[in-house]
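Trainee: I would like to go through the terms used for this model and see what each rests on.
Mentor: Then ask for the grounds each time.

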Number of protein chains: 2
Amino acid sequence: MSGTTRSWGLRRHVDGAPSPDDFAVAETPLQAVEDGMFLARTIWASVDPGMRSTLSGGDSYSAATPLGAIIDGFSVAEVIESRHPNYAVGDLIATGGGWREHVLSSGRGYFQKIVDRRVPLGCWIGVLGVPGMTAWFGLNRVAQAKEGETLLVTSAAGPVGATAGQIGKKLGMRVVGVAGGPRKCAWLKDEAGFDAVVDYKAESDLTAAIRAACPEGVDVLFDNVGNAMIDRVLPMMKLRGRVVVSGQVADYNTPVEERPGLRHTDVFITHRVRMEGLVVFDDIRGFAAAQSQMADWIAEGSLKFAIETFDGFDKLPEAFCGLFRGENFGRRLVQLSPEPA
Amino acid sequence: MSGTTRSWGLRRHVDGAPSPDDFAVAETPLQAVEDGMFLARTIWASVDPGMRSTLSGGDSYSAATPLGAIIDGFSVAEVIESRHPNYAVGDLIATGGGWREHVLSSGRGYFQKIVDRRVPLGCWIGVLGVPGMTAWFGLNRVAQAKEGETLLVTSAAGPVGATAGQIGKKLGMRVVGVAGGPRKCAWLKDEAGFDAVVDYKAESDLTAAIRAACPEGVDVLFDNVGNAMIDRVLPMMKLRGRVVVSGQVADYNTPVEERPGLRHTDVFITHRVRMEGLVVFDDIRGFAAAQSQMADWIAEGSLKFAIETFDGFDKLPEAFCGLFRGENFGRRLVQLSPEPA
């Protein structure tokens, strides 16, 4: 393989909401595939709100992405050249390849071979990938969710939220979602089987609307939004309720001192509330079993997902920046090259 | 037994910091001891910051104490008349008797007979009572504290904090305390064996001082202060750190909307931090075993405690109100009648 390959890096560190101008393309020669290495072409690349946390300069807790370094992110790729004993040409892999056309690797790090072809390829970086695993382990390990409990999911039409709600239904929970706009809300009720959905764009008193949808209170809050949402729901938490801090899309672009604060913290004592976050790679040893169960559900049609696709490498920054304007409906994937036949 | 008995109730609901004027004495006839009942005279009554949460009117999450109802609180009492098969005259009990001279009861609720007389009676509502049990179960059950970890305790010279720090030392932790003033700090280092103590009254940059005392970060924050302290420490939490919400003395007097908020909530995801509160009566089945171990430590001199005593029923409101001005050094107990010989 010779020629060049393209990737996206940071032109400057992001301040506030990200804009496509924050990113810049680099074109570099394709390196030769040496012994023990393989080369894969990216088919699908994903954009995640969580990626935002590494894009600031100074005071982020996460390690900052250096200027020019390739933007991280999950991708599905096909091996097109291999001198690695475990990878053959034609192998399909899910990996953290980032925003680039080609991945040249020794196989160290996160590489999962995709062998179950019953589900669309993009599912492996969506409902069966990090968002889906976050939903699964957030509910099962972190929240220890149980039959008969009330689950409130925020950003419920997003890939994490929609999956969490449906897993909650399968666990026998009463599931309430918060989402924006009639299209998302209708999909959650009619397709994903949520018991109730609150449209935050249509409610003048969101707190009252959530309370009305959860008249007995909330056992598990699965939050993908951030502090303002958690603080709103804390007073509704039931005894021994759990708050799963899954994502903070509303706070990632805001400096710490300007973020809304959690104030209804009495409930941590009075109601023995537990709040805990997760980074799903801690659970990587459990991925295969969870994915196998979820792939069965997808194949039988009982686990729904929404994918929004963008066409072409050039669209990556635009697809990402729109996440912070609540534009996305389901998992956003960008197609960089064709799927194999 | 005939005559009258006195108790303290609320004259008005408390707004902000409590004042002795918020309380009023009621004098009522002593009821006859009927079959299945016993009567005890209160020897020691305690004042706890946590009692504040039920003293407001409207919007508290805890049930409000009605005007005139007896103020809750823990006490040590001696049975002076009994028609109950399990209680004999002369029995000593620890109970939630509240601020009153006599307790007339059927024995339902929290009544623990005091049989181990190796330790001072007041210990049973102090280092071996709710404060001590909060320390024990907060560290062992909630935090799952482990040898080699760093424990940061706030309000460290209070009865919960001082006990938590010493239990942490016995677990093999490195223990750092935050307390106010040279007397408390010296006691924590010289008597209670803390590894380091930060005097919040002497530090112009408390955050930097805590960071210097915990150079590798904090595994367990055992907080008795409230949101401002927790938010200050959150950025210092280590991977999989635990925040035990034990008490919120700085926030009890403040309306929710004026409380400091938790803003450094990124760490719940980036560092997988878990925050959880406790009400120690959830662990009541474990009290006896914990008390037995701790009484051994007290008897052998390896678990220290400080008690501040006030003399007489009249002093109850004053002893309580001073807690919110940081005046107390150790457990505050008010003596209502003499200890038995």
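What follows is a set of questions on the contact between the chains.

Mentor: This is a predicted model, in which local features need pLDDT of at least 70 and side-chain atom pairs count only at pLDDT 80 or more, while totals for chains, interfaces and linings use all residues. Residues are numbered from 1 along each chain as its sequence is written, chains are lettered from A and ligands numbered from 1 in the order in which they are written, and side-chain values use heavy atoms, with hydrogens and water left out.

Trainee: How do you know that the copies meet through the same surface?
Mentor: Of the interface residues of chain A, 100% are also interface residues in chain B, so the surface is the same.

Trainee: What is the area buried between chain A and chain B?
Mentor: It is about 3000 Å², with 54% from carbon and sulfur atoms. Buried area is the accessible area (1.4 Å probe) that two parts lose on being put together, summed over both.

Trainee: Why is the pair A:Asp282 and B:Arg240 called a salt bridge?
Mentor: The term requires a side-chain nitrogen of Lys or Arg within 4 Å of a carboxyl oxygen of Asp or Glu. The N to O distance here is 3.1 Å, so the pair qualifies. Between chain A and chain B the count is six salt bridges.

Trainee: What makes E13(A) and E13(B) a pair of strands?
Mentor: Strands (E, at least two residues) are DSSP runs numbered from the N terminus, as are helices (H or I, at least four). Two strands pair if DSSP finds at least two bridges between them. E13(A) and E13(B), residues 274-277 of chain B, have three bridges in the antiparallel sense, so they pair. A:Arg274 stands opposite B:Glu276 in E13(B).

Trainee: How do you know that the copies are related as by a two-fold rotation axis?
Mentor: Copies are superposed by least squares on the C-alpha atoms of residues with pLDDT of at least 70 in both. Chain A is laid on chain B by a turn of 180 degrees and a shift of 0.0 Å along the axis, with an RMSD of 0.0 Å. The two copies are therefore related as by a two-fold rotation axis. In chain A, the C-alpha nearest the axis belongs to A:Gly261, 1.9 Å from it.

Terms used. Contact = heavy atoms within 4.5 Å.
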